[in-house]
Amino acid sequence: MSSASNSAEKPKYKRVVLKLSGEVLRCSETGDPIAWNTLRKICQQIKDIRELGVQVCIVIGGGNIFRGLSGSTDQGVDRTTGDYMGMLSTVINGLAFMECLEKMGVQTRVQTSIPMNQVAEPFILRRAIRHLEKGRVVIFVAGTGNPYFSTDTTAALRASEIEAEVIMKATKVDGIYDKDPMKHDDAVRYDSLSYIDALQQRLNILDSTAFSLCMDNEVPILVFSLNDSDSIRRAIIGENVGTLVS
């Protein structure tokens, strides 16, 4: 994207939390946990919106490496141990994002909820905000630092703390539907929803803890598809992308 087109676009949001599932990084062909071509494409979109002047935070899951809940269910791993393994998986993904973004010339900082001084900064709210104000991308890893909490909850918590204008949740589908669009041809996509409507219809947007945090702190949630190579930028400038819950 040219700098001329960047300068002509006005972002709708100035500070965002981008929530990504770890599964988006998995290579479907080889089974490798990180598909570097996919990672580069996502990072290019992040670079594009950063050049629009948007302050960007990233929360990435670890399901491409290890998912604590499924590990405890399917493999017999203790839930607490499994959740810590999942948190460490998010650190690996966060470092991969940092490496890729830095090679693109985007200054990046990784902040972790579990102390590991040789790898990343500890999460300090004021420092995170200062990084954003200086134009750096901030990646939050290791979840909340506690078992039994998902990266959805991490995204909701960090968005509330840094006063983000929206959580952008990138998924495999292009928004929220009244029923599963993969199974029902007549599924209807919503352009917008209230928190109460989403609760009443039992729509699975974020896990219940994360959703309650967003509702209590009035943090909007934008659910959109990552399949479109330009979807993050289009959402940032306010095009009709995905479903906004507010």
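**View 1. Lys 179 and Asp 186 join their side chains in a salt bridge, 3.1 Å from N to O.** A salt bridge here is a side-chain nitrogen of Lys or Arg within 4 Å of a carboxyl oxygen of Asp or Glu. Lys 179 is partly exposed at 32% relative accessible area, and Asp 186 is partly exposed at 49%. Buried means under 20% relative accessible area, exposed over 50%, and partly exposed in between (1.4 Å probe, protein chains only). Please keep in mind that this is a predicted model, where local features need pLDDT of at least 70, side-chain atom pairs count only at pLDDT 80 or more, and totals for chains, interfaces and linings use all residues. Residues are numbered from 1 along each chain as its sequence is written, and side-chain values use heavy atoms, with hydrogens and water left out.

**View 2. Glu 133 and Arg 130 form a salt bridge, 3.6 Å from N to O.** Both residues lie in helix H5, 3 residues apart, which is about one turn of the helix. Helices (H or I, at least four residues) and strands (E, at least two) are DSSP runs, numbered from the N terminus. The count for the model comes to 10 salt bridges.

**View 3. Phe 123 and Phe 140 make an edge-to-face aromatic pair.** Their centres are 5.6 Å apart, with 80° between the planes. Rings of Phe, Tyr and Trp (its six-membered ring) pair if their centres lie within 6.5 Å; planes under 30 degrees apart count as stacked, over 60 as edge-to-face and the rest as tilted. Phe 123 sits in the loop between strand E4 and helix H5, while Phe 140 belongs to strand E5. Look for Arg 158 too: it lies over the face of Phe 123, 3.7 Å from the ring centre, and its charged end sits over the ring of Phe 140, 5.8 Å from the centre. A charge sits over a ring if NZ of Lys or CZ of Arg is within 6 Å of the ring centre and within 35 degrees of the ring normal.

**View 4. Ile 58 belongs to the largest nonpolar core, which has 41 residues, and is among the members that touch the most others.** Such a core is a set of buried Ala, Val, Leu, Ile, Met, Phe, Trp, Tyr and Cys residues joined through side-chain atoms within 4.5 Å. Leaving aside neighbours within four places in sequence, the contacts of Ile 58 (heavy atoms within 4.5 Å) include Leu 18, Phe 97 and Phe 140.
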